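Student: Could you take a close look at a single part of this model for me? I'd like to hear what sits where and what touches what.

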Amino acid sequence: MPWLKLLHICAVIVWCGALPYLALAVASRPPTGAGTLAPARASLLLRWVYVGVATPAALVAIASGTAIFGLRGPLAAWLVAKLALVAMLVLVHAACGWLLLRREQMRSNVPRALGPALAGLASLLLMAVAWLVLGKPDVRA
């Protein structure tokens, strides 16, 4: 059980670090000028962060959290609230993927204000999850 919790915490840390970064990076303008990555290479890097880092970390975090719940036992009210917040984080993750596709396909420029808004939402959700997990308050339905 301790190893499973460690796996869960490590995956959550990686996922939590990747979400705000992706939201801000996808909405930023492609870099230009000397000493920067070409726009095509920047898109490849962002895709790798999304597909190779953030998504696997999210899947491991969710799978290991589910396994911990299965081994631990009864459902508490704080856990239901945490799962609702995690579902919203999954939606932010999906929104980052959608924005990445729009950027790659050059359908339209991604509004610059969308990146900070998504990063802020992800950060607020992550802080709320941390508060619930660390405090385990008596959340009434």
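Tutor: Leave out residues up to four places away in sequence, and P56 touches Y50 and V51; contact here means heavy atoms within 4.5 Å. P56 itself is found in helix α2, residues 39-72 (helices are DSSP runs of H or I, at least four residues, numbered from the N terminus). Then there's W15: 41 residues away from P56 in sequence, yet 8.4 Å away in space, C-alpha to C-alpha. P56 counts as partly exposed because its relative accessibility is 33%; under 20% relative accessible area would be buried and over 50% exposed, with a 1.4 Å probe and protein chains only.

A quick word on what we're looking at. This is a predicted model, where local features need pLDDT of at least 70 and side-chain atom pairs count only at pLDDT 80 or more, while totals for chains, interfaces and linings use all residues. Residues are numbered from 1 along each chain as its sequence is written, and side-chain values use heavy atoms, with hydrogens and water left out.

With a relative accessible area of 52%, L75 is exposed.

Helix α3 covers residues 77-105, and K82 lies in it. K82 counts as buried because its relative accessibility is 14%. Setting aside its neighbours within four places in sequence, K82 is in contact with H8, V129, L132 and V133.

Methods. Helices (H or I, at least four residues) and strands (E, at least two) are DSSP runs, numbered from the N terminus.
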